[in-house]
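Subject: Structure for you to look at, with notes

Dear colleague,

I am handing over the structure we spoke about, and I would be grateful if you could read the notes below with the model open beside them.

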Amino acid sequence: MFDGEKVSVTLYADYMCPGCGNFEQLYGRLLESLLESGHIQLHMVPVTFLDMQSAGTKYSSRAANLVGCLVEQQPEYAYGTHTRLFNAGTQPAEGSAGLTDRQLLAIAKEAGAEMTGELQGCVQKRSFADFFQVSSDIFSSTGAVGLAEGERLQMPGLTGELQPEGEPQKLASTPTVIVDGVQWQRAEDFALFLEKHIAAKSEQRQ
């Protein structure tokens, strides 16, 4: 079923977003399994939409910054940290102050990262926070990346209405998941949606 070229999966997620936590808890192991087996190529795109919902601490930016620091310095531990940030017992509630920088580093350590001075300094200085804030603004104003030509993103809310054709397809909510250029609609089971794309890619290779 999973033979063939890798399927591209782009995941936009905010580390304070409850829906993103639910998505990770439901489908995180599936993505990890397919990533390890080489059936998918996963693009994690942290966004910072909920910075204003963390009692002034900008938790979304700080958590995204931690992952950015790891990608630069200890990339083998970035994905494990990403998944742990969404654990039911770890992810802070929307509207709370979120985790402290020390707690964020403890999560990275739990994932296997070495607590070097360089990593701690990157977290404390928030070296990548501006990058994630600017990129989030770009995605929500000039359009998300990863969509196939002619594909349209869903409007905010659960109506299923698509954004206007021919206009920038703006990132409006999280999680937003794009598989081989097509957005996953939340009314459909993600595992089945992904399976269909993997099967279609396999058929193309035959």
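K196 and E188 form a salt bridge in which the closest N and O atoms are 2.9 Å apart, where a salt bridge is a side-chain nitrogen of Lys or Arg within 4 Å of a carboxyl oxygen of Asp or Glu. K196 is exposed, with a relative accessible area of 51%, whereas E188 is partly exposed at 26%; here buried means under 20% relative accessible area, exposed means over 50%, and partly exposed lies in between (1.4 Å probe, protein chains only).

Before going further, please keep in mind that this is a predicted model, in which local features need pLDDT of at least 70 and side-chain atom pairs count only at pLDDT 80 or more, while totals for chains, interfaces and linings use all residues. Residues are numbered from 1 along each chain as its sequence is written, and side-chain values use heavy atoms, with hydrogens and water left out.

On the remaining salt bridges: the count comes to five by this rule. In general, side chains of opposite charge can pair when their charged atoms come close. One of the bridges joins the side chains of E110 and R84, at 3.2 Å from N to O, and this pair links distant parts of the chain, with E110 in helix α4 (residues 101–110) and R84 in helix α3 (residues 78–84), 26 residues apart. Helices (H or I, at least four residues) and strands (E, at least two) are DSSP runs, numbered from the N terminus. Of these two partners, E110 is exposed, with a relative accessible area of 54%, and R84 is partly exposed, with 26%.

Another bridge is formed by the side chains of R126 and D101, at 4.0 Å from N to O. R126 is partly exposed at 36% relative accessibility, while D101 is buried, with a relative accessible area of 18%. R62 also belongs to this group, as R62, D101 and R126 are linked in a network of salt bridges.

Leaving out residues up to four places away in sequence, E24 touches H82, T83 and F86, with contact meaning heavy atoms within 4.5 Å.

Turning to the cysteines, a search of the whole structure finds one disulfide, a term that stands for a pair of cysteine sulfur atoms within 2.5 Å. This disulfide joins C69 to C122, with an S to S distance of 2.0 Å. C69 lies in helix α2 (residues 59–73) and C122 in helix α5 (residues 117–125), so the pair ties together parts that are 53 residues apart in sequence. The link of C69 and C122 is left-handed, with -85 degrees about the S-S bond, and both cysteines are buried. C17 is buried as well, with a relative accessible area of 5%, and C20 counts as buried at 2%.

A191 is found in helix α7 (residues 190–205) and is partly exposed at 27% relative accessibility. Setting aside neighbours within four places in sequence, A191 is in contact with Y27 and L30, while the C-alpha atoms of A191 and P75, 116 residues apart along the chain, are separated by 27 Å.

As for the chain as a whole, there are seven helices and four strands, and from the N terminus on the elements run β-α-β-α-α-α-α-α-β-β-α. The C-alpha atoms fill a box of roughly 50 × 35 × 25 Å, taken along the principal axes. Buried residues make up 45% of the 206 residues in the protein chain, and among contacts with a separation of 6 or more, 73% are accounted for by residues 24 or more positions apart.
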